[in-house]
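Subject: Structure handover

Hello,

The structure you asked about is below. My notes on it follow.

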Amino acid sequence: MHDTSTHHHSRAGSRAHFRLSGVGVTLGPRRVLTGMDLTVSAGSRLALVGENGRGKTTALRVLSGDLTPDAGTVSRTGDVGVIQQHLDASGQRTVGDQIATEIAPSLAALTSLDRAADALAHGRPGAEGDYADALDLATALDAWDADRRVDMALAGLSACSERDRPLATLSVGQRYRVRLACVLGAGHELLLLDEPTNHLDASGVEFLTDRLRNHPGGLAVASHDRALLRDVATDFLDLDPHEDDRPRLYGGGYEGWIEGRRRDRAQWEQAHADQIEEHRRLVRSAEVARSRLRDSWRPEKGHGRHERATRAAGTVQAFNRRREEVEAHRISVPVPPPEFRWPDWRVASGRRILTCDTPRVTDRLETPVAFTVDTGDRLLVTGPNGAGKSTLLGVLAGRLHPDSGSVDHRPDARVAILSQEIPDWDIGRTGVELYRDHLERSGLSEAPGLTSTGLLEAGVAGNRVGSMSQGQQRRLHLALCLARRPELLILDEPSNHLSFGLVDALTEALARADCAVIVATHDRQLLRDLADWPTLRLEASRVGAVHGV
């Protein structure tokens with residue numbers, strides 16, 4: 001593995017870049033990255049996308065130099081700023097220390113300029129050249145403005161600006177915002193950002209989006225925030241499975257990525273289907289040859305023994321050729337992973353499901369709300385953290401009992417809720433076993449199997465729940481909800497731990513569903529996608545109202 005990189009004091013300008021060629025990484029027993037070819041240069045706006053565990057953070061670590069790959073080459077030129085999900089706050093480091101570390105190249109450039117100016121004033125030999133070089137570097141870094149840029153970023157992200165404040169006294173979110181502000185203000189040529197919208201409020205996300213759009217250098221970002229990637233990224237490196245098991249790079253922004261994925265998926269499915277059909281054709285040909293051999297060839301009356309033997313030998317040879325063709329044929333195209341399929345069930349329209357009459361749960365849901373839900377209705381629940389969105393959904397699903405007010409359900413109404421928390425499952429049981437138990441409790445013995453929706457592959461569905469990833473458990477939870485064939489489907493932050501492609505497919509399916517659907521979310525892209533739904537905004541200080549009904 002070959003790795004070349006510049007020092008922080010250099011300035012590459014338009015030559016700044018990351019370049020990976022044939023990079024592979026193995027972590028423990030698992031191959032995380034295979035054959036990655038990638039260039040990020042000045043002007044690049046690259047998104048790293050894929051399911052949890054596909055290697056997004058690993059790829060960023062390789063780009064930054066924090067992780068040495070097992071195979072391939074890495075070239076790195078220019079000044080690099082890195083935003084990780086966690087910031088070390090050990091020791092007595094302060095906000096000022098963090099700022100000084102991040103803008104160290106600018107501070108060093110100003111110190112060098114002062115020394116060169118002093119040498120020039122004293123007429124030392126070579127001072128003019130040293131001064132010119134120092135001035136060029138300070139100008140390229142815009143070093144005089146570095147501290148002010150950090151202050152602007154601290155304000156824009158609502159981060160602590162007290163220079164003497166110990167980092168250890170800040171919350172995780174506050175520390176993260178300080179680090180992000182320092183990196184954004186330092187003027188790095190290249191940026192690597194891992195989940196940069198974590199711990200940001202709406203104004204902070206808006207500030208970050210604007211800074212990334214206008215960053216003059218290159219950047220690579222891994223994020224579950226679809227809205228950020230739609231607004232910023234022009235190229236997408238997709239790390240999910242592909243036909244050749246290598247990452248795919250798509251241009252054309254978010255829509256170009258989605259269309260490219262669909263096109264490649266269709267080609268993959270067709271290539272696999274063609275090989276399956278060819279194998280079946282060869283098997284059929286062999287079976288025909290076997291039948292001829294088994295039945296033997298009987299010549300017409302008048303033909304002799306020699307002719308019968310000659311033709312029998314030809315039949316044997318034909319069968320052997322067909323058998324060899326079947327044995328030699330290999331299905332080299334892997335089976336494409338399943339795609340999400342909305343279950344086929346029908347719900348009668350216009351049937352009352354529930355009546356919500358100002359339920360309250362002490363210290364959890366204080367905003368009075370009143371509405372009814374009929375089959376076919378849609379409702380989007382929004383509001384700040386702590387306003388009681390999840391509590392309201394729990395009350396609507398019948399899982400929580402209000403301290404006052406009421407939620408009256410039609411006695412036979414089928415309601416399913418995808419909560420934020422994974423249910424208290426027996427982690428020793430498999431997904432198939434949990435699904436079977438769920439069907440029995442729901443009286444749905446005729447329902448399709450667990451893998452029918454494409455949410456889980458057969459190999460995963462048979463695993464113990466305790467060995468499943470968060471994303472796999474979330475998919476299992478959604479499959480259980482859909483198996484109930486609900487008249488009312490309640491989804492609490494449905495995009496959590498699910499891939500972009502699945503969230504997009506689920507969003508499209510919700511628009512067509514016969515059942516009533518209630519969604520609570522902070523996901524900015526999902527809020528955009530459901531903007532035409534009636535909206536209930538919860539506020540702790542005023543009465544909630546349903547708008548758009």
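An open sheet is formed by 6 strands in the order 6-7-8-4-9-10, with mixed pairing. Strand 6 (80–83) and strand 10 (248–250) stand at the edges with a single partner strand each, so one side of each lacks a neighbour in the sheet. On average, neighbouring strands of this sheet are turned by 15 degrees against each other, direction ignored. Strands are DSSP runs (E, at least two residues), as are helices (H or I, at least four), and both are numbered from the N terminus; two strands pair if DSSP finds at least two bridges between them.

This is a predicted model: local features need pLDDT of at least 70, side-chain atom pairs count only at pLDDT 80 or more, and totals for chains, interfaces and linings use all residues. Residues are numbered from 1 along each chain as its sequence is written, and side-chain values use heavy atoms, with hydrogens and water left out.

Arg248 in strand 10 is the bridge partner of Asp238.

Helix 1 (residues 56–64) touches strand 4 (45–49), strand 6, strand 7 (190–194) and strand 8 (218–222), and its direction makes about 155 degrees with that of strand 7. Helix 6 (residues 172–186) touches strand 6 and strand 7, and its direction makes about 165 degrees with that of strand 6. Angles run from 0 to 180 degrees between N-to-C directions, with axes fitted to C-alpha atoms, for helices over the stretch in contact.

Regards

Note on methods. Contact means heavy atoms within 4.5 Å.
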